[in-house]
Amino acid sequence: MRIAVCPGSFDPVTRGHLDIIERAAGMFDKVIVAVLNNSGKNSLFTIEERIELLKSTCAHIENVEVDTFPRLLIDYMKQKNASVIVKGLRAVSDFEYEMQMALMNRKLAPSIETVFLMTNSRYSFLSSSLVREVARLGGDITGMVPELIQEEIYKRFS
Ligand code: ADP
């Protein structure tokens, strides 16, 4: 069974994330969406809230599980028997960091492969931080995040 992990902050999950998760679910037997445990001062949702929101967002995808990982991603993956890391690539600006990360993970765990999926052009401009910023300033984020997430974001800022 091929198990893939989609790691990220997902603060909040956007339609760009969901597109990557859905496509990964079509490629692997099981996909674990793993929330990075890096709750900082600037986070909008707690780790527990992000997990719940991701579970609701991904409820329609049968082979997707949502979890969090506290330490090194590759240690978590070994524990879960996962062999592939799936990441989305939006622009050249993502590439440098993602390449460094993929090479470091390969060095630490040569049997784990990183796979990059090119962003859907409709969502290539989306990032969680920008969505947070626009919502904070009162802008309209319709279409950028799943509807239920949009409601939760507006509640936070109202
Ligand atoms: P962000 O960079 O938006 O804060 P995360 O750190 O949660 O998001 O990202 C998790 C993964 O999702 C990364 O691989 C990132 O490249 C990918 N990703 C984020 N937004 C998009 C998007 N709009 N299209 C494709 N991939 C994306």
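This is a predicted model: local features need pLDDT of at least 70, side-chain atom pairs count only at pLDDT 80 or more; totals for chains, interfaces and linings use all residues.
## Strand E1 and its partners

Strand E1 spans residues 3–8, and six of its six residues are buried. In a regular strand the side chains alternate between the two faces of the sheet. In E1 both faces are covered: one side holds Ile 3, Val 5 and Pro 7, while the other holds Ala 4, Cys 6 and Gly 8.

E1 is parallel to strand E2 (residues 30–36), and six bridges join the two. Within this pairing, Val 5 stands opposite Ile 32 of E2. E1 also pairs with strand E4 in the parallel sense, here over two bridges.

## Strand E4 and Leu 89

Strand E4 covers residues 84–89. Five of its six residues are buried, so E4 is largely enclosed by the rest of the structure. Besides its pairing with E1, E4 is joined to strand E5 by six bridges, and these two strands run parallel.

Leu 89 belongs to E4. Is Leu 89 buried or exposed? Its relative accessible area is 11%; because buried means under 20%, Leu 89 counts as buried. Beyond its neighbours within four places in sequence, Leu 89 is in contact with Asp 94, Phe 95, Glu 98, Phe 116, Leu 117, Met 118 and Thr 119. Asn 120 is 31 residues away from Leu 89 along the chain, and the C-alpha atoms of the two are separated by 9.4 Å.

## Ser 83 in a loop

Ser 83 lies in the loop between helix H3 (73–80) and strand E4. Its relative accessibility is 19%, and because the limit for a buried residue is under 20%, Ser 83 counts as buried. Apart from neighbours within four places in sequence, the residues in contact with Ser 83 are Arg 2, Ile 3, Met 77, Ser 111, Ile 112 and Glu 113. Among them, Ile 3 is one of the buried residues of E1.

Which residues of helix H6 (residues 147–157) are buried? They are Ile 149, Gln 150 and Ile 153. These residues cover an arc of only 100° around the axis, which means that they lie on the same side of H6. An α-helix has 3.6 residues a turn, so residues three or four places apart point the same way.

The buried residues of H6 pack against helix H2 (47–57) and helix H5 (128–136). On the face turned away from the buried side, H6 carries the exposed residues Glu 147, Glu 151 and Lys 155.

## The largest pocket

The largest pocket holds about 1100 Å³ of space. It is lined by 46 residues, of which Pro 7, Gly 8, Ser 9, Lys 87 and Glu 98 are the closest to its centre. Glu 98 is also in contact with Leu 89.

Several elements contribute to this lining: E1, helix H1 (15–27), E4, helix H4 (92–108), strand E5 (113–118) and H5 each supply at least two residues. H4 gives the largest share, with eight residues. By type, the lining of the largest pocket divides into 20 nonpolar, 17 polar and nine charged residues.

Note on methods:
Residues are numbered from 1 along each chain as its sequence is written. Side-chain values use heavy atoms; hydrogens and water are left out. Helices (H or I, at least four residues) and strands (E, at least two) are DSSP runs, numbered from the N terminus. Buried means under 20% relative accessible area, exposed over 50%, partly exposed in between (1.4 Å probe, protein chains only). Contact means heavy atoms within 4.5 Å. The arc is that of the directions from the helix axis to the C-beta atoms. On a 1 Å grid over the protein atoms alone, a cavity is a set of points where a 1.4 Å probe fits but cannot get out, and a pocket is an open set with protein on both sides within 12 Å along at least five of seven lines; lining residues have an atom within 4 Å of a point. Grid points are joined across faces, edges and corners, and a volume is the space filled by probe spheres set on the points. Ala, Val, Leu, Ile, Met, Phe, Trp, Tyr, Cys and Pro count as nonpolar, Asp, Glu, Lys and Arg as charged, and the others, Gly among them, as polar. Two strands pair if DSSP finds at least two bridges between them.
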